[in-house]
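Here is a short briefing on the pockets of one protein. Look over the sequence and the model first.

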Amino acid sequence: MADWENLRHFIAVARSGTLSGAARALKVDHATVSRRLTALEAELDVALVERLPRFCRLTAIGQQVFDQSVAMENAADGIARIAQAAHRPLVGKVTLSAPPVLTMHLLTQHLAHFRSLYPDIRLSLAAQAQQVSLSRREADVALRLVRPDETGSVARKLGVMAFGLYASRDYVHRDVPDRWQFIAFDESFGDMPQQKWLLGIAGARPVACELNDIGGHLIAARTGAGVAGLPCFLGDADPDLVRIAEDVPPFCRDIWLLVHRDLRKAPSVRAVMDFVVALITQHGGFCSTARVADSNFSSKTV
């Protein structure tokens, strides 16, 4: 019988492709990963990984062991989720992963209210642009701006987040569209939908600056650095900004709520979901497409 800790380290190596990457993911040192991998290969009496100069490559048997190990990991995580769901009502820690724009400019503003409603739930907000795995318990609940496709989870589209063009009330070229300069993301965000939308509007007009955080776009627009494409809930609420060019092509991002099916009835997780759904659907800055979640969170399985 293989030691589960050895298997866990092997899974991390297989996912990251390097010993150092696995060490970072597991928050251990490089030597520990190497020792665990060697021990697993000795236990099974097979070579699982080819240790090349710059990366690790699974052997044919290593790939088979990895597939079975992931199944074991999912089963173990399932046991943990079932246990979590059985905890006392409205008590414990719930991790909510959300895009930075929603975390920093919406959810954090309502933490005090959530705390007043649920004083025994510790809500952990993670501002993450990348998608996390609910199956691996990287979060309990997630808000996403793309349709989720994670097996074993259920999702609901809560609404849409509309975007518009905004500039400072004092922007020197505000009434001269031909002289507008734009605030954009850099080339690493070239595939992001709002970047494509903004650059399509800009056309041949120059980009004044590049900032890789929507909060930076907001501040830059407020100080007159140029024209920014901002979520309307953010731009409309800022007294120093005005929406310009109402005739631009419309653009919006979908907002999805995701939870693993094993946790959707856990009372503390339900409380967080209901709070988030109510916040999005009742906020005037979003177009709502959902009601507050019912007791079964009856949504489409993805």
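Which residues lie nearest the centre of the largest pocket? They are Pro99, Pro100, Ala129, Leu145 and Met192. The model is predicted.

**Largest pocket**
- Its volume is about 500 Å³.
- The lining of the largest pocket is made up of 25 residues.
- Helix H5 (100–105), strand S5 (141–144) and strand S6 (153–168) are the elements that each give two or more residues to this lining.
- S5 provides the largest share, with three residues.
- By class, the lining of the largest pocket holds 16 nonpolar, six polar and three charged residues.

**Second largest pocket**
- The volume here is about 430 Å³.
- The second largest pocket has 13 lining residues.
- Nearest the centre of the second largest pocket lie Arg15, Ala25, Leu26, Glu73 and Arg136.
- Three helices each supply at least two residues of this lining: H1 (4–16), H2 (19–26) and H4 (60–85).
- H1 contributes the most, with five residues.

**Side by side**
- In the largest pocket, the lining includes 16 nonpolar residues and three charged ones.
- Strand S5 gives the largest share to the lining of the largest pocket, whereas helix H1 gives the most to that of the second largest pocket.

Note on methods: Residues are numbered from 1 along each chain as its sequence is written. This is a predicted model: local features need pLDDT of at least 70, side-chain atom pairs count only at pLDDT 80 or more; totals for chains, interfaces and linings use all residues. Side-chain values use heavy atoms; hydrogens and water are left out. On a 1 Å grid over the protein atoms alone, a cavity is a set of points where a 1.4 Å probe fits but cannot get out, and a pocket is an open set with protein on both sides within 12 Å along at least five of seven lines; lining residues have an atom within 4 Å of a point. Grid points are joined across faces, edges and corners, and a volume is the space filled by probe spheres set on the points. Helices (H or I, at least four residues) and strands (E, at least two) are DSSP runs, numbered from the N terminus. Ala, Val, Leu, Ile, Met, Phe, Trp, Tyr, Cys and Pro count as nonpolar, Asp, Glu, Lys and Arg as charged, and the others, Gly among them, as polar.
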